[in-house]
Amino acid sequence: MRHCCGKEDTMLIDVNTRIGHWPFKKLRYNTCKTLLERMNRFGVDQSVVSSFNGIFYKNTQSANEELYQEIHASKEYRKKFIPFAVINPAYAEWEKDLEVCHKKWNMKGVCLYPAYHDYALHEPFVAALLKAAAARGMVVSLSVRMLDSRQNSWLDPGKEDTLKELLPLIRQEPAGHYLITNIANTGNLTADDIALLKQSNVLMDTSGRMLNHFKSWLDRYGAGKFAFGSHAPLLDYISGRLRFELLEPGEISAQDLSKIQSENAAKMLGL
């Protein structure tokens, strides 16, 4: 596949994939084997991956262990997948879980799901987790939504947040590194909010609905604030790739495109 600038694609890192099961939707390509097949078809070199199961298991660490075991079943998987842990800071022993995920299983980041794990972002234990992750150099991944809430099962507790609602987390731990995925709406950002996003160690992935107008986001924040994300397998890789392919010639330089495709993510993840 060729990108919009007419040159062969550079390295492509996907910062937003998962394996496992989603209780409310039949999935394809939700194992390391099948996800890697999809990655290879669409020219993706490496993917950040976490576990769907960790969103729904009572013990999130069981899902993290499953992820570790699946990735380590193959040398190729270890090369292609960058594991993130699902941590529930409302659980009394989350610090122990984080220690194992970081030190023993070499996971590069932490995914938080407050809507599914039933806690508020202002809780003291959330601040404690952010501080612990920052001290370990682990990226904190925050998903604005998993699926369109208008189509949710009545059993699905998930709700859509706004980008604005996540910004207090960044303010309370400015030393952290943050990955914000699946942005569907902004919540009317103020000038201070926009300045915070520009100045902080934040990357926004390209999977969300608001990035249908990607060029305007690039103009506002600059290419250094974005990283390619597919939200696979809930979404398909082809929609993620089209965000680049549909940019008109001259809308983005080859240098900026390379930042979004891999360089920004590689820098944040220490690859």
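**Notes on the predicted model: bridges, rings and cores**

1. Lys215 pairs with Asp219, with the closest N and O atoms 2.8 Å apart; both lie in helix 10 (residues 214-221), 4 residues apart, about one turn of the helix. Here Lys215 is partly exposed at 26%, whereas Asp219 counts as exposed at 56% relative accessibility.

2. In helix 12 (residues 254-269), Asp256 and Lys259 are 3 residues apart, again about one turn of the helix. Their closest N and O atoms are 3.8 Å apart, which still makes a salt bridge because the cut-off is 4 Å. Asp256 is partly exposed at 25% relative accessibility, as is Lys259 at 26%. Elsewhere, salt bridges that share partners join Lys164, Arg171 and Asp193 into one network.

3. Now to the rings: the count comes to 15 aromatic pairs. One of them, Trp22 with Tyr116, is edge-to-face, at 6.0 Å centre to centre and 70 degrees between the planes. Trp22 lies in the loop between strand 1 (13-19) and helix 1 (32-41), and Tyr116 in helix 6 (residues 114-117), so the pair ties together parts that are 94 residues apart in sequence. Both Trp22 and Tyr116 are buried.

4. Phe24 and Phe56 also meet edge-to-face, because their ring centres are 5.9 Å apart and their planes are at 70 degrees. Phe24 is in the loop between strand 1 and helix 1, Phe56 in helix 2 (residues 53-56). Phe24 is partly exposed at 29%, and Phe56 likewise at 30%. Ring pairs link Trp22, Phe24, Phe52, Phe56 and Tyr116 into a cluster.

5. The largest nonpolar core has 60 residues, and Phe81, Ile180 and Met204 have the most contacts inside it. Beyond its neighbours within four places in sequence, Phe81 touches residues including Cys32, Leu35, Met39 and Ile71. A separate core of 22 residues includes Ile82, Val86, Tyr113 and Tyr116.

6. Lastly, the surface: Ile238, Leu242 and Leu246 make a nonpolar patch of about 290 Å². Leu242 belongs to helix 11 (residues 237-245) and is partly exposed at 38% relative accessibility.

Terms used
Residues are numbered from 1 along each chain as its sequence is written. This is a predicted model: local features need pLDDT of at least 70, side-chain atom pairs count only at pLDDT 80 or more; totals for chains, interfaces and linings use all residues. Side-chain values use heavy atoms; hydrogens and water are left out. Patches are made of residues with over 30% relative accessible area and no salt bridge: like charges are joined within 9 Å, nonpolar side chains (Val, Leu, Ile, Met, Phe, Trp, Tyr) within 5 Å. Accessible areas come from the Shrake-Rupley method with a 1.4 Å probe; for residues, only the protein chains shown count as cover. A salt bridge is a side-chain nitrogen of Lys or Arg within 4 Å of a carboxyl oxygen of Asp or Glu. Helices (H or I, at least four residues) and strands (E, at least two) are DSSP runs, numbered from the N terminus. Buried means under 20% relative accessible area, exposed over 50%, partly exposed in between (1.4 Å probe, protein chains only). Rings of Phe, Tyr and Trp (its six-membered ring) pair if their centres lie within 6.5 Å; planes under 30 degrees apart count as stacked, over 60 as edge-to-face and the rest as tilted. A nonpolar core is a set of buried Ala, Val, Leu, Ile, Met, Phe, Trp, Tyr and Cys residues joined through side-chain atoms within 4.5 Å. Contact means heavy atoms within 4.5 Å.
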